[in-house]
Protein chains: 2
Amino acid sequence: MQGTLHGVLAPVLTPMNDDLSPATEKWIAFCKQLLADGCTGLAPFGTTSEANSLGLDERMAMLEALVAAGVPAAKLMPGVGMCAIPDTVKLSAQAARLGCGGVLLLPPFYYKGVSDEGIFRAVAEVIERVGDARLKVYVYNIPPIAVVGYSLAVIERLLSAYPATVVGMKDSSGDWAYQKSVFEAFPQFDVFTGSERYLLANLRLGGVGTISAMANVIPDKIRFLYDNYLAANADEVQERLDRFRAATRDYAAIPALKQILATRTGDRGWLTLRPPLTSLDEGATQAMLAKFAAAQ
Amino acid sequence: MQGTLHGVLAPVLTPMNDDLSPATEKWIAFCKQLLADGCTGLAPFGTTSEANSLGLDERMAMLEALVAAGVPAAKLMPGVGMCAIPDTVKLSAQAARLGCGGVLLLPPFYYKGVSDEGIFRAVAEVIERVGDARLKVYVYNIPPIAVVGYSLAVIERLLSAYPATVVGMKDSSGDWAYQKSVFEAFPQFDVFTGSERYLLANLRLGGVGTISAMANVIPDKIRFLYDNYLAANADEVQERLDRFRAATRDYAAIPALKQILATRTGDRGWLTLRPPLTSLDEGATQAMLAKFAAAQ
């Protein structure tokens with residue numbers, strides 16, 4: 001293991017106020033709850049966090065508040081990848097300064113069809129500009145949404161150029177063959193799988209755990225598998241876990257997870273999403289909640 | 001026509017210094033040159049401008065400097081569309097305050113597969129938050145790069161809700177059937193075509209002109225067609241114009257255009273690109289320059 005983060009990290013859902021501003025106090029309380037409920041760490045400002053719908057200033061103020069509220073920075077891997085290098089540098093430098101365990105770095109994702117050379121240079125530029133030995137980078141590969149991803153060739157160049165800084169990745173490609181190829185090519189690299197569906201397979205190949213949207217609603221159950229992956233019945237535990245994802249699979253993930261939290265807590269404030277995301281309609285909500293309840 | 005902008009607008013290339021900072025003085029001089037050479041207006045911070053590689057603060061400082069340097073704000077349609085509403089609001093409010101003729105608004109482009117409802121709400125939220133009657137929005141449809149685009153249904157809702165604010169669009173879909181359907185559905189809407197290749201067709205259907213990357217290098221020639229589109233030989237003028245785009249078609253557009261400017265001006269500083277974009281290699285450069293010279 002290269003980095004200090006491992007286990008079950010939640011890409012923390014971001015509660016919003018009615019005026020769409022981030023409900024920061026509620027968010028901090030939720031972060032603490034997730035850690036109490038089984039998460040070994042948190043990845044605020046992931047895709048599931050609607051991070052890309054938050055303004056640069058909002059993200060910086062929230063992270064500052066989270067650490068000030070006593071959540072250990074060492075357990076945090078905030079998402080920092082923006083389209084533009086200066087913005088990514090701002091977020092990354094802040095995370096390093098606060099002592100975050102790592103940062104989760106999307107590649108620059110506006111331009112499509114860019115070269116490996118270009119992606120390598122963009123990441124290198126961020127690392128050089130931050131210029132802080134405390135910076136630990138986890139590359140974030142999520143081509144289904146960002147379209148732009150990290151090839152093995154780019155990872156190899158990054159590991160070679162910045163072995164003390166580029167320590168791991170989150171793979172949300174949904175492509176197990178790709179994730180397996182990363183393990184084969186870079187045995188020392190800290191690979192988090194982006195779906196708890198692959199958690200057992202990830203750990204068996206030497207992976208370090210999962211950063212999974214589902215950790216927002218079933219952190220204890222994912223943690224149980226992480227803690228018991230060597231047990232004789234681990235495959236059965238994975239199968240039981242898979243039922244929860246299967247229950248939400250047919251629905252947009254972020255509204256579905258916010259709906260589960262709203263239902264569980266009785267706090268309808270959880271339903272608020274920032275555009276362009278929208279809530280599930282009533283029929284979908286009831287069907288999804290029934291399936292999720294049946295998965296317990 | 002709903003808005004005040006029409007004709008030939010350049011999505012202005014952004015010169016960079018060796019340290020990748022924007023070469024603002026050179027950029028301002030280039031903006032003035034483009035207006036002198038035939039552009040009727042400018043669309044700074046378009047895709048071709050590498051706007052999505054510029055930080056939020058950089059964009060705001062550059063626009064402020066451009067207007068302070070005497071370029072009439074009324075001729076400007078800066079790109080303002082970011083992933084997050086608060087950032088888009090900042091850029092849009094600044095443009096409105098400075099008196100820009102319009103703003104070019106990408107839809108929020110990180111999340112994929114979002115609903116029309118979500119895109120409508122995102123744009124509506126920006127307009128409401130800016131809350132400035134001077135704001136004139138041109139929606140920017142460029143699915144080949146942003147992936148997320150504007151459907152006719154979204155445009156219809158925007159025109160109905162904000163008829164005095166949403167005045168037009170730039171269509172860079174590359175899909176003439178789509179652009180034609182916009183003309184048919186919204187005859188009063190100000191449609192700029194994103195490629196001068198469709199300029200004649202655009203004008204014949206009642207369009208207002210083009211915002212074209214090629215206007216960075218052949219503004220006079222595009223302007224000539226705009227001024228003479230009713231002439232008997234207009235088709236022939238369009239065909240002659242098409243040769244320039246054909247010359248660069250096989251190369252990445254932004255590096256190719258920067259290379260043409262570097263060659264023309266003898267200023268190699270024009271070659272600098274921000275990652276993830278990269279320069280053409282030597283072979284491609286020579287081949288492209290030869291084709292471009294032959295198109296004259």
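Guide: What follows is a conversation about terms and the values behind them.

Guide: This is a predicted model, in which local features need pLDDT of at least 70, side-chain atom pairs count only at pLDDT 80 or more, and totals for chains, interfaces and linings use all residues. Residues are numbered from 1 along each chain as its sequence is written, while chains are lettered from A and ligands numbered from 1 in the order in which they are written.

Visitor: Why is strand β5 of chain A called largely enclosed?

Guide: A residue is buried if 20 or more other C-beta atoms, placed from the backbone, lie within 10 Å of its own, exposed if 12 or fewer, and partly exposed in between. Six of the six residues of β5(A), residues 166-171, are buried, so the strand is largely enclosed by the rest of the structure. Strands are DSSP runs of E with at least two residues, and helices are runs of H or I with at least four, numbered from the N terminus.

Visitor: What makes β4(A) and β5(A) partners?

Guide: Two strands pair if DSSP finds at least two bridges between them. Five bridges join β4(A), residues 137-141, to β5(A), and the two run parallel; Val137(A), for instance, has Val166(A) as its bridge partner. On β6(A), residues 190-193, four bridges join that strand to β5(A), again in parallel, with Val191(A) as the bridge partner of Met169(A).

Visitor: Which hand does the crossover from β5(A) to β6(A) have, and what does that word mean?

Guide: The chain passes from β5(A) through helix α7(A), residues 176-185, to β6(A), and this β-α-β crossover is right-handed, which means that, with the strands pointing away from the viewer, the path from the first strand over the helix to the second runs clockwise.

Visitor: How do you know what span to expect of helix α11 of chain B?

Guide: The expected span is 1.5 Å times one less than the number of residues. With 13 residues, α11(B) reaches 18 Å from its first C-alpha to its last, close to the 18 Å expected. Its buried residues, including Ile254(B) and Leu257(B), pack against α10 and α12 of chain B, where a contact requires C-beta atoms, placed from the backbone, within 7 Å.

Technical notes:
Two residues are in contact if their C-beta atoms, placed from the backbone, lie within 7 Å.
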